[in-house]
Amino acid sequence: MNILVSACLLGVACRYDGASKPNEKILSMLKNPVFNLIPVCPEILGGLPTPRPPCEISDGRVVTQSGENKTVEYERGADEVLRLAKLFNCRLAILKENSPSCGSGKIYDGTFSHALTDGDGITASLLKANGIKVVGESELAGLDFDMTE
């Protein structure tokens, strides 16, 4: 089973702050030959550097705290992730929660105050619109397959 995974959850230092957020449950999936995890970072695929200024979605645009519009880069990255999903026939993506790219169900509210609001990041939204199931790292226990075998 081919699964898209936010690269930062696999330990790749690609987040806006230059760090990673390795997730032990996801890393354990690497030991199961049933899973083929495909790391993606929409922000890097969209042309943004690491590190980079943090962004949030505000009024339908992805902006930095200083107001610089990065929507084009986020949309380009989402398009590239969708291209990879189609290329590898992925029906599932495990993406980093709360991110303006990868967040699914909840994202930061655009005020840079760490407050969450209902919504999806640019990539999560595009994947969902194309029939790909998107879950955050905290939702792994709810998936209908055993990740420990």
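Just after helix α4, Gly 131 takes a positive phi of about 80 degrees. This is a predicted model, where local features need pLDDT of at least 70, side-chain atom pairs count only at pLDDT 80 or more, and totals for chains, interfaces and linings use all residues. Residues are numbered from 1 along each chain as its sequence is written, and side-chain values use heavy atoms, with hydrogens and water left out. Helices (H or I, at least four residues) and strands (E, at least two) are DSSP runs, numbered from the N terminus.

**Helices α3 and α4**

- The axes of α3 (residues 71-87) and α4 (residues 122-129) come within 9 Å and cross at roughly 40 degrees. Axes are lines fitted to C-alpha atoms, for helices over the stretch in contact, and angles run from 0 to 180 degrees between N-to-C directions.
- The two helices, α3 and α4, are therefore oblique to each other. Angles under 35 degrees count as roughly parallel, over 145 as roughly antiparallel, 65 to 115 as roughly perpendicular and the rest as oblique.
- On the α3 side, the contact (heavy atoms within 4.5 Å) is made by residues including Tyr 74, Ala 78 and Leu 82. On the α4 side, Ile 122, Thr 123, Leu 126 and Leu 127 take part.
- Buried residues of α4 are Ile 122, Thr 123, Ala 124 and Leu 127. Buried means under 20% relative accessible area, exposed over 50%, partly exposed in between (1.4 Å probe, protein chains only).

**The open sheet**

- Four strands form an open sheet in the order β2-β1-β5-β8, with parallel pairing. Two strands pair if DSSP finds at least two bridges between them.
- The edge strands, β2 (36-40) and β8 (133-136), each pair on one side only.
- From one strand to the next, the twist averages 25 degrees.
- Strand β1 (residues 2-6) is joined to β2 by five bridges. Val 5 has Pro 39 of β2 as its bridge partner.

**The β3-β4 hairpin**

- Strands β3 (residues 55-58) and β4 (residues 61-64) run antiparallel, joined by four bridges. Ile 57 is partnered by Val 62 of β4.
- Two residues lie between the strands of this hairpin. Asp 59 takes a positive phi near 55 degrees there.
- Asp 59 counts as exposed, at 79% relative accessibility.

**Backbone exceptions**

- Most residues other than glycine have a negative phi, and most peptide bonds are trans.
- Asn 98 has a positive phi near 75 degrees. Its place is the loop between β5 (92-95) and β6 (106-108).
- The peptide bond from Thr 50 to Pro 51 is cis, with omega near -5 degrees. Pro 51 sits in the loop between α2 (42-45) and β3.
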